[in-house]
Amino acid sequence: MTSRPVLIATFNLGKLREFAGVAEAYGVTIAGVPGFSSLPPVIEDGATFEANARKKAEAYSLAAPGELVLADDSGLEIDALGGAPGVHSARYAAEEPHAATTNSEDEANCARVLRELRNIPPEKRAARFVCVLAAARDGQTLQVFRGTAEGTILDAPRGNNGFGYDPLFHFPQIGRTFAELSTTEKTRYSHRGAAFRMFLSWYGRQT
Ligand code: IMP
């Protein structure tokens, strides 16, 4: 395995913590894309997680010639809401979630989900987290990886860890929400952990 760091294109500290924990266990170092905060933001207007992940990885890899750059797009799909918030997860409580511009606060996004599921009984609250990771070099996607985690949406938040919709997402396998898990525990079961382990196994096969 190469010892060069894998560059991760994200501002989200919750995601970075999760990537770092898993990478360490595989003996891989991760780092941010150099000058990331001054690069023009990529507009996440794709119709799918994969389209957005590719778009981000390809654009940001141009800022680090020759290096492997990883970007993820992720979100929550709720069956009773026809798959919403889906690719709009980060800005579900915004005035215009489709506008792909500003994100809304995690609490406001969770509140909107709770409002919309108000009359939905527990057995009809199936949902999944999805994470698609794209690995790109010099503007070209080399491979994509998709991880999912199946659970249900509670009618009130539980737990203080994690980020986003974690306090609402109950994971039946262990009877807790993702916000009741440590970062290490969460990545064992999470969509992001699954996708990242697929990436690491692919990465380990590269020269
Ligand atoms: P992205 O930065 O466009 O991938 O936005 C992902 C959004 O989906 C986040 O802002 C969260 O609202 C939600 N999300 C994705 N992964 C997770 C997770 O692991 N826990 C909780 N919420 C998540």
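Mentor: Let's begin with β4 and β5, which form a hairpin with two residues between them, and D138 in the turn has a positive phi of about 50°. Please keep in mind that this is a predicted model.

Trainee: How do you know that β4 and β5 pair, and in which sense?

Mentor: Two strands pair if at least two bridges are found between them. β4 and β5 have twelve bridges, in the antiparallel sense, so they meet that cut-off and count as paired. One example is L133, whose bridge partner in β5 is F145.

Trainee: What makes the phi of D138 worth a remark?

Mentor: The value is near 50°, which is positive, and D138 is a residue other than glycine. You will find D138 in the loop between β4 and β5.

Trainee: Why is D138 called partly exposed?

Mentor: Buried means under 20% relative accessible area and exposed means over 50%. D138 has 44% relative accessibility, so D138 falls in between and counts as partly exposed.

Trainee: Which sheet do these strands belong to, and what is the strand order?

Mentor: The open sheet has seven strands in the order β2-β1-β3-β4-β5-β6-β7, with mixed pairing. Its edge strands are β2 (30-32) and β7 (176-177).

Trainee: Why are β2 and β7 called edge strands?

Mentor: Each of them pairs on one side only. For β7, the partner is β6 (residues 169-171), paired in the antiparallel sense over two bridges. Within that pair, F171 has R176 of β7 as its bridge partner.

Trainee: How many bridges join β5 and β6, and why does that count as pairing?

Mentor: There are two bridges, in the antiparallel sense. The cut-off is at least two, so β5 and β6 count as paired. There, T152 stands opposite H170 in β6.

Trainee: Where does helix α2 lie?

Mentor: α2 lies across β3 (69-78), β4 (126-137) and β5 (140-153), and runs at about 160° to β3. One of its residues is K56, as α2 covers residues 49-61.

Trainee: Why is K56 called buried?

Mentor: K56 has 8% relative accessibility, and the cut-off for buried is under 20%, so K56 counts as buried. Beyond its neighbours within four places in sequence, K56 is in contact with V42, E44, A71, D72 and D73.

Trainee: And what makes R128 buried?

Mentor: R128 has a relative accessible area of 16%, which is under 20%, so R128 is buried too. R128 lies in strand β4.

Trainee: Why do C110 and L168 both count as buried?

Mentor: C110 has a relative accessible area of 10% and L168 has 1%. Buried means under 20%, so both qualify. C110 lies in helix α3 (residues 106-116), while L168 is in the loop between β5 and β6.

Trainee: How far apart are C110 and L168, along the chain and between C-alpha atoms?

Mentor: They are 58 residues apart along the chain, with 7.4 Å between their C-alpha atoms. C110 is in contact with L168, and also with G164 and Y165. L168 in turn touches residues including V113, L114, T152 and P157.

Trainee: What joins A84 and P85?

Mentor: A cis peptide bond, with omega about 0°. P85 is found in the loop between β3 and α3.

Technical notes
Residues numbered from 1 in each chain as written. Predicted model: local features only at pLDDT ≥ 70, side-chain atom pairs only at ≥ 80, totals over all residues. Heavy atoms only, no water. Helix = DSSP H or I, 4+ residues; strand = E, 2+ residues; numbered from the N terminus. Buried < 20%, exposed > 50% of the residue type's maximum accessible area, 1.4 Å probe, protein only. Contact = heavy atoms within 4.5 Å. Axes fitted to C-alpha atoms, helices over the stretch in contact; angles between N-to-C directions.
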